Amino acid sequence: MHLPDGVLSIPVLAGGALLTTAGVAYGLRRLPFTRLPQTAVMASAFFVASLIHLPVPPLQAHLVLNGLLGLVLGWAAFPAIFLALALQALLFQYGGITTLGVNTFNMALPALVCGLCLRPMLGLGPWPRICAGFLAGALGVMGSGCLTAVSVALSGEDFLSLAFLLLTSHAFIMLFEGVAVALIVNFLWKVRPQVLGLPPNLN
């Protein structure tokens, strides 16, 4: 879902840049100083996960974990994802500089929605917590895939087939991502539930 330079039209690039700027600014405003280390760790996890590529013909898909960032960070997912994508673009040429705004928005908005909608389920018990993790992982990928496909499709009819390929290829990774995030959430609840905003586990 790293869109490279030269694929998107100028209006789409400008819109993505403006929306991302607003999201990052608001996310930083809502980020307490005490949560900076946690945000840095989650940004690092997102950075590394995106480098793990899985062969999903005809494209290469990769882990995203944006749903997990949304559950843990909320609005801070915007600056965390922006920083990780910027480093990937600069260090590994994943994505592009001009598409950084669009790529960030496409991954951060579904993360935020998953966090706002599913975070209340984390304190309802084991099975709701696992379901919240699975849905965050799966829906985070689906949302990012849909937004990426829309971004490409809005840039011209010539890219409609590419948009369809992007959407279908990431549909296959939704299940894997959902299971992975569910396992991570369950692990965090056992070892450090404070990360999920839950009280210490006394069991």
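**How the helices meet**

Guide: Let's start with a pair: helix 4 crosses helix 5 in a right-handed way. Mind that this is a predicted model, where local features need pLDDT of at least 70, side-chain atom pairs count only at pLDDT 80 or more, and totals for chains, interfaces and linings use all residues. Residues are numbered from 1 along each chain as its sequence is written, and side-chain values use heavy atoms, with hydrogens and water left out.

Visitor: Why are helix 4 and helix 5 called oblique to each other?

Guide: The axes of helix 4 (residues 77-92) and helix 5 (residues 100-118) cross at roughly 140 degrees and come within 9 Å. Under 35 degrees is roughly parallel, over 145 roughly antiparallel, 65 to 115 roughly perpendicular, and the rest oblique. Helix 4 and helix 5 are therefore oblique.

Visitor: Which residues of helix 4 and helix 5 make the contact?

Guide: Among them are F78, I81 and F82 of helix 4 and F105, M107 and A108 of helix 5. Contact means heavy atoms within 4.5 Å. By class, the contact of helix 4 with helix 5 has 13 nonpolar, two polar and no charged residues.

Visitor: And why are helix 3 and helix 5 called oblique?

Guide: Helix 3 and helix 5 pack at about 50 degrees, their axes 7 Å apart. That angle makes helix 3 and helix 5 oblique too, by the cut-offs above. Helix 3 also passes helix 5 in a right-handed crossing. Residues in the contact include N66 and G70 of helix 3 and C114 and G115 of helix 5.

**Inside the model**

Visitor: Which residues touch the most other members of the largest nonpolar core?

Guide: F46, L69 and I81 do, in a core of 44 residues. Such a core is a set of buried Ala, Val, Leu, Ile, Met, Phe, Trp, Tyr and Cys residues joined through side-chain atoms within 4.5 Å. Helix 5 gives the most to this core, with eight residues. Leaving aside neighbours within four places in sequence, L69 is in contact with M42, F46, G74, A77, A80 and I81.

Visitor: How do you know whether L65 is buried or exposed?

Guide: L65 has a relative accessible area of 9%, so L65 is buried (buried is under 20%, exposed over 50%, partly exposed in between, with a 1.4 Å probe and protein chains only). L65 sits in the loop between strand 2 (59-62) and helix 3.

Visitor: What is the phi of L65?

Guide: Phi of L65 is near 65 degrees, a positive value in a residue other than glycine. Most residues other than glycine have a negative phi.

Terms used:
Axes are lines fitted to C-alpha atoms, for helices over the stretch in contact, and angles run from 0 to 180 degrees between N-to-C directions. Helices (H or I, at least four residues) and strands (E, at least two) are DSSP runs, numbered from the N terminus. A crossing is left-handed if the near helix is turned anticlockwise from the far one by less than a right angle, and right-handed if clockwise. Ala, Val, Leu, Ile, Met, Phe, Trp, Tyr, Cys and Pro count as nonpolar, Asp, Glu, Lys and Arg as charged, and the others, Gly among them, as polar.
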